[in-house]
Amino acid sequence: MIVGVAVLAGVLAWFVTSENRDGGNPILGTASGEPKMLESGEMEEVTDEIGHSVFWAGERAGTKIEIRHDGSGNTHVRYLTGDAEPGDPAQTYLDIGTYPFDGARKATARLASQQGLERVTVGEGVGFFDPRRPTSVFLTFPDRPDYQVEVYHPDGDGALEVALSGDIVPTP
């Protein structure tokens, strides 16, 4: 009886700690920042596993979702196309970065007012981009003031189009 209880306790402990055995978790893989493809429906579990909000542009036709989370809390949701594999080094995909830090909204609003940067408003969100490098738009939203969101798109005004579309939202 005692041996049976000990074996059961060992199996239970193994199961409970398996999520962090390699420093990672079931959805995101390792904590090393290695990218991972998500299956349909897994996006709903990302926020719980990371422990903070993650922004994305929703499901997009013809794409596969890659996610990468680093030890500092930064998370990237990248929309791969064609035969691209996780970790593809090409900077040719839509990428939504979530950067958690205290005072992100104030810092972003301050930057949006600087000369040489263009201010962007999306609903109650505020942000900016550099017209000389329009491939990235930075946003913050009042309901999540400690998160800055970067919308990167490799094509000219693509980042601004996605940012202004209203598609940038926290994961479900």
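Guide: Let us begin with Ile168, which is buried, its relative accessible area being 6%; buried stands for under 20% relative accessible area, exposed for over 50%, and partly exposed for what lies in between, with a 1.4 Å probe and protein chains only. This is a predicted model, in which local features need pLDDT of at least 70 and side-chain atom pairs count only at pLDDT 80 or more, while totals for chains, interfaces and linings use all residues. Residues are numbered from 1 along each chain as its sequence is written, and side-chain values use heavy atoms, with hydrogens and water left out.

Ile168 sits in the loop between helix H4 (158–164) and strand S10 (169–170), where helices (H or I, at least four residues) and strands (E, at least two) are DSSP runs numbered from the N terminus. Leaving aside residues up to four places away in sequence, Ile168 touches Phe55, Trp56, Ala57, Ile96, Phe141, Val149, Val151, Val162 and Ala163, a contact being heavy atoms within 4.5 Å. One of these, Val149, is 19 residues from Ile168 in sequence, and their C-alpha atoms are 8.6 Å apart in space.

The chain has two aromatic pairs, counted when rings of Phe, Tyr and Trp (its six-membered ring) have centres within 6.5 Å, with planes under 30 degrees apart called stacked, over 60 edge-to-face and the rest tilted. Phe55 and Phe141 form a stacked pair, 5.6 Å from centre to centre with 15 degrees between the planes. Because Phe55 belongs to strand S2 (residues 55–56) and Phe141 to strand S8 (residues 133–141), this pair ties together parts that are 86 residues apart in sequence. Phe55 is buried at 2% relative accessibility, and Phe141 is likewise buried, with a relative accessible area of 12%.

The rings of Phe128 and Phe138 are also a stacked pair, because their centres are 5.3 Å apart and their planes lie at 20 degrees. Phe128 is in strand S7 (residues 125–130) and Phe138 in strand S8, ten residues apart, and Phe128 is buried with a relative accessible area of 9%.

Around this part, the chain as a whole has four helices and ten strands. Of its 172 residues, 41% count as buried, and residues 24 or more positions apart account for 42% of the contacts in the chain with a separation of 6 or more.
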